[in-house]
Amino acid sequence: MPADNHTFFDPVTYILTGIPGMEESQVWLSIPFCLMYIVALFGNSLLLFIILTERSLHEPMYLFLSMLAAADLLLSTTTVPKMLAVFWFRAGDISFASCLTQMFFIHVIFIAESAILLAMAFDRYVAICDPLRYTIMLTKSVIGKMGLAAVTRSFCIIFPVIFLVKRLKFCRTNLLPHTYCEHMGIARLACDDITVNIWYGLAVAILAIGLDAVLIAVSYGLILRAVFQLPSKAARLKALRTCGSHLCVILMFYTPAFFSFFAHRFGHNIPGYIHILLANLYVLIPPMLNPIVYGVRTKEILKRVINLVSVFMQIT
């Protein structure tokens, strides 16, 4: 229950209220959200299965893609089941420890996914700008270390956030106007000064996510310069096609994330339900669309998907 405004308390349980101002529409919203989650689960699981079982796909680009699919699965599964429980059953109760755990994993996975996209941009840069050294530079050992570095970096960046939240004193309410637990959503319920939380969140956004985005942009600037120096039009088109799907995925990941981030901090006139809808979309849309984009635009994956469908049709 909400606490008295003048009494500090240690929150034992939070209550996720869903999307403020859209309580009557949440059941209808849950339908597209549930369908997107099912597509994300099926698409990313299929992508992982194809890459892991086809030895010919055990190449750097596809290994990075399998990391991205795993991150998408974890990101959507960490958020959407609880979101649907709130929409369908008003089951918004979540313990403080569980809320912190969910917050931690959401932010860790999100930052790790940004690092994976940066690694994929580096992979395309080496493949196009320095193809003779591609197999030497991107061995399976190096790829494994890059994946481990992405997870380690994310863990080290987000681990202090747990203590930044636990140090706060709460006296207002335990009603959390959101569909899942995230750092600033919890911090804004506190009666303490949350300046440190705000600045740390801003630093993470700029120095981690923002820096990744800048490095990706630099990589693709160098890639495009190299592509347009190729002698034949066919070679240029082939190189652009190999990067097209990755560029689509990058835009789908960073556009809603940055829009949500800046709207949350500077868009004070934007209604609260817009903030929450954006936060829901950036944990749903990229995981749903990534396997579709790669499945349609990557011939090797599309071919194996068609083969799997053919085998399934023959069995049935």
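**Entry 1: strands**

In which sense, parallel or antiparallel, do β1 and strand β3 pair? I looked this up in a predicted model. I found that β1 and β3 (residues 175–176) pair in the parallel sense, over two bridges. Within this pairing, I noted Leu175 of β3 as the bridge partner of Ile15.

I then turned to strand β2 (residues 93–95), which runs antiparallel to β1 and is joined to β1 by three bridges. Here Tyr14 has Ile94 as its bridge partner in β2.

I also examined the faces of β1, which spans residues 13–16. Tyr14 and Leu16 make up the covered face, whereas Thr13 and Ile15 make up the uncovered one.

**Entry 2: disulfides**

I counted two disulfides in the structure. With bonded cysteines counted along the chain, I recorded their pattern as 1-3, 2-4.

Cys99 is bonded to Cys181, with 1.9 Å between the sulfur atoms. The link of Cys99 and Cys181 is left-handed, at -110° about the S-S bond. Cys99 belongs to helix α3 and Cys181 to the loop between β3 and α6, so this pair ties together parts 82 residues apart in sequence. I found both Cys99 and Cys181 buried.

The other link I looked up joins Cys171 to Cys191, with an S to S distance of 1.6 Å. This link of Cys171 and Cys191 is left-handed too, with -90° about the S-S bond. Cys171 sits in the loop between α5 and β3, and Cys191 in the loop between α6 and α7, so the pair ties together parts that are 20 residues apart in sequence. I noted that Cys171 counts as buried, at 6% relative accessibility, while Cys191 is partly exposed, at 27%.

**Entry 3: Cys248**

Cys248 itself counts as partly exposed, because its relative accessibility is 33%.

**Entry 4: second largest pocket**

I read a volume of about 650 Å³ for the second largest pocket. Its lining consists of 21 residues, and those nearest the centre are Met61, Arg124, Lys238, Thr242 and Glu300.

Which helix gives the largest share of this lining? I found that α8 does, with six residues. I listed α2, α3, α8, α10 and α11 as each supplying at least two residues.

By class, I recorded eleven nonpolar, seven charged and three polar residues in the lining of this pocket.

Technical notes:
Residues numbered from 1 in each chain as written. Predicted model: local features only at pLDDT ≥ 70, side-chain atom pairs only at ≥ 80, totals over all residues. Heavy atoms only, no water. Buried < 20%, exposed > 50% of the residue type's maximum accessible area, 1.4 Å probe, protein only. Helix = DSSP H or I, 4+ residues; strand = E, 2+ residues; numbered from the N terminus. Pairing = 2+ DSSP bridges. 1 Å grid on protein atoms, 1.4 Å probe; cavity = no way out; pocket = protein on both sides within 12 Å on 5 of 7 lines; lining within 4 Å. Points joined across faces, edges and corners; volume = space filled by probe spheres on them. Nonpolar A, V, L, I, M, F, W, Y, C, P; charged D, E, K, R; others polar. Disulfide = S-S within 2.5 Å.
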